[in-house]
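Subject: Structure handover

Hello,

Here is the structure we talked about. Please open it alongside this note; what I found follows below.

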Amino acid sequence: MRIEKCWFCSSTVYPGHGIQFVRNDAKIFRFCRSKCHKNFKMKRNPRKVKWTKAYRRLHGKDMTQDSTFEFERKRNRPERYDRNLAENTLKAIKKIDKIRSDRASDHIKNRLKTGKVQRQKEARKQLEQGIHLVKAPLALAQDSSLHLPKIKVNVSQAQTEENRPMEE
Amino acid sequence: MVQYNFKKITVVPNGKDFVDIILSRTQRQTPTVVHKGYAISRLRQFYMRKVKYTQQNFHEKLSTIIEEFPRLDEIHPFYGDLLHVLYNKDHYKLALGQINTARNLISKIAKDYVKLLKYGDSLYRCKSLKVAALGRMCTVIKRIGPSLAYLEQIRQHMARLPSIDPNTRTILICGYPNVGKSSFMNKITRADVDVQPYAFTTKSLFVGHTDYKYLRYQVIDTPGILDRPFEDRNIIEMCSITALAHLRAAVLFFLDISGSCGYSIAQQAALFHSIKSLFMNKPLIIVCNKTDLQPLDGISEEDRKLVIEMKAEAMKTVIGQGGEPENEEGVLLTMSTLTEDGVIAVKNAACERLLNQRVELKKKSKKMNDCRNRFHVALPKPRDQKERPPCIPQAVLEAKAKQAEEEKKRKTEKDLEEENGGAGVYSASLKKNYILASDEWKEDVLPEILDGHNVYDFIDPDILLRLEELEREEGLRQAEEEADDFEMDGEELSPEEQEALAEIRKKKNLLIQQHRMKKSTAESRPVVPRKFDTDRKFTTKRMGRQLSTLGLDPSLAINRARSKSRGRKRERSVERGEADGGDTMDIDGNQASKKLRLRSMSRSRSRSRPPITEVLPGEGLKDSAQKSYSYIETKAPVLWETFHWKDGQALRHVQEIKL
């Protein structure tokens, strides 16, 4: 019993799930659910369908090359059973998994970093340019930091700071 | 025709029948209905089709005839000669030639008439042309009628010819009429030939088959031959002569010892000598028949001498083939078909001689050499008398013996199953015979799937090493990552700055929304100008709040606004206290409410107003010059108009008429 990969979306197909299609040239296509199967029948290219792993890998959204992928390889020659080896393998699988997912999330984080930097720059610029909307130039001249001005409360008025923004 | 099967030739119809067949077929197989109203091309086509169809049929049928009848040059000369003997070669060829010409003539007729039909301009004309064409074709066939009849006769006769294979083993029986050839034939084969006391009972060749040493032999019975010069022979004799001439067979020359056939031995000997040239290269056996009437020893001296002479001739043929000269028995034999004495011996002798001759011939031919090479078995020459049997090592013998023993003693899985409760109860442990490093591991169950991975894909003897390497790499990478992250943190905004940014964005959104509302309602709904502030939105309190959120001190602005709107008396009430919360006033000093201005102007001035050209603070003008200029520009034209409203175009500078 093996876990296979869906041909369309590359998700795992557990035994008892999905559909297998064998073409006349003996190539086998496995699908995890009818969504992928129907997409295949419509002759859609998974590399162009946004939610598939193939698209994500092709367009650099997900990690493509890594040494953790080389641990998992279809071996056609079975090894003789060795208890120690089996134990080690089972433990190793967990560790390798963790490392792989860490690296994948790091990859994504790095990818999004440039956007973050850009957004921060934009925010700073917006703050600098728009500070006049919330702080009068006189107040700015007195206190040149880009913070909201401190509101002087008149005690006789008996109105607190928090209520003010709400009344508008 | 290769196997000389003349039975397969199709029947040749005679002239009239031929015509009938073809014409009726034309009528049935082509369309029959035509009207004179049809288009002319259609009419032409209709009749052309008929003419062509008829021609094609004639052509077909005549071609089959020509092709099915054998060509005398292309078949075995035996058959060629036989057919020539029976039905003159020349007549035969002529008949076939006539058929051929008829065929060509018909083709020509059809072609001509089709050409004429192309220009037929009416139904009647086309029809007549077609009638003429068909008529001419039929005349041609009528003319070759006799040839057709002749060919039909030939065909019938040919079908009845015996199917003789000229290449296989054949035995030919010849001799004078009535010597006992046909009886011999009946004896050795299953053929049922007519045997009668009169001469020329057998009028043509007959074929029978017999077996010898698991091989089939053809036996051909010929009509009797008389001793005549060659040219005088009739057709029947010519048949046998042809057979003798062309077939490669063993010849049995029959001799009637007793003379009861009506011819003496001398006559028969004479015949023998006249046709001995035909016995070239054929194993010849002289058979003395009818020994029951007259034994061979009892004949007269001259007869015996003649017989010896014939024997000598026969011996020559034996020597000519390379056989041993001592073997005399095979050459001259005696028998009696009545008593069946010696019949088998004769047959055997004949078959044997023929077989030997054929084998000899085959041996000399090239094909045999190829076969012979394959039969060669190479054996090493023995150099001494020592025996050398095949050598089997002792270990193998012992192992074989042991295996045999084990087979008997071994306990099978089936026995085990039966011991432990039978088929449904016991399930054999398939892992019993595994060869593992430790026997405790035999019953271990290894999961095949773990966390969405196939475990078997990960099994690798050096997985530990690789895992260590990987973890080291990972450690390094994580350190790098942290360093990078550390660098990154400089750029962020502080929480107060973020607050400010949020406020800015909110304000911007609000402005945008208001603008959009204004834009959408501007054309459809007129907006009340600000000075008619019925909702009482624009208060000093509001202004004060807004200014203070911007970080300014609003008190000065509030005071000024109030002073502008209230006038002098109200000022005093402001100074007393602001507990009442303030009235709704315009904050713009310039545009005071009309009512209030009127009221204030109608009352006496308690405070002097400043001169017109003096600039008051808050007006937005630079100096008095600018103010006076602004008056000139804006107010002066209005004043001029108010005082000169009576002036028209025509009434300029007209003095008043004094009465």
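Start with the sheet in chain B. It is an open sheet of 6 strands, in the order E2-E3-E1-E4-E5-E6, and the pairing is mixed. Strand E2 (206–212) and strand E6 (332–334) of chain B are the edges, each pairing on one side only. From one strand to the next, the twist averages 25°. Bear in mind that this is a predicted model.

Inside that sheet, look at E1 (residues 170–175) and E3 (residues 215–221) of chain B. They run parallel and are joined by 4 bridges. Thr170(B) has Gln218(B) in E3(B) as its bridge partner.

A helix covers part of this region. Helix H9 (residues 265–275) of chain B lies across E1, strand E4 (250–256) and strand E5 (284–289) of chain B. H9(B) runs at about 160° to E4(B).

Next, a helix pair in chain B. H3 (residues 77–86) and H8 (residues 235–246) of chain B pack at an angle of about 170°. Their axes are 9 Å apart. Angles over 145 degrees count as roughly antiparallel, and H3(B) and H8(B) are therefore roughly antiparallel to each other. On the H3(B) side, the contact is made by Pro77(B), Phe78(B), Asp81(B), Leu82(B), Val85(B) and Leu86(B). H8(B) contributes Ile235(B), Met238(B), Cys239(B), Thr242(B), Ala243(B) and His246(B). By class, that contact has 9 nonpolar, 2 polar and 1 charged residues.

Strands E3 (residues 19–22) and E4 (residues 28–31) of chain A pair in the antiparallel sense over 4 bridges. Phe21(A) stands opposite Phe29(A) in E4(A). The hairpin has 5 residues between its strands. In the turn, Ala26(A) has a positive phi of about 70°.

Last, the interface. How many residues of chain B are in contact with chain A? The count is 58 from chain B, against 63 from chain A. About 6,100 Å² is buried between the two chains, and carbon and sulfur atoms give 59% of that area. Asp457(B), Phe458(B) and Arg545(B) supply 10% of the area that chain B buries against chain A, more than any other three residues.

Best wishes

Conventions: Residues are numbered from 1 along each chain as its sequence is written. Chains are lettered from A and ligands numbered from 1 in the order in which they are written. This is a predicted model: local features need pLDDT of at least 70, side-chain atom pairs count only at pLDDT 80 or more; totals for chains, interfaces and linings use all residues. Side-chain values use heavy atoms; hydrogens and water are left out. Axes are lines fitted to C-alpha atoms, for helices over the stretch in contact, and angles run from 0 to 180 degrees between N-to-C directions. Helices (H or I, at least four residues) and strands (E, at least two) are DSSP runs, numbered from the N terminus. Angles under 35 degrees count as roughly parallel, over 145 as roughly antiparallel, 65 to 115 as roughly perpendicular and the rest as oblique. Contact means heavy atoms within 4.5 Å. Ala, Val, Leu, Ile, Met, Phe, Trp, Tyr, Cys and Pro count as nonpolar, Asp, Glu, Lys and Arg as charged, and the others, Gly among them, as polar. Two strands pair if DSSP finds at least two bridges between them. Buried area is the accessible area (1.4 Å probe) that two parts lose on being put together, summed over both.
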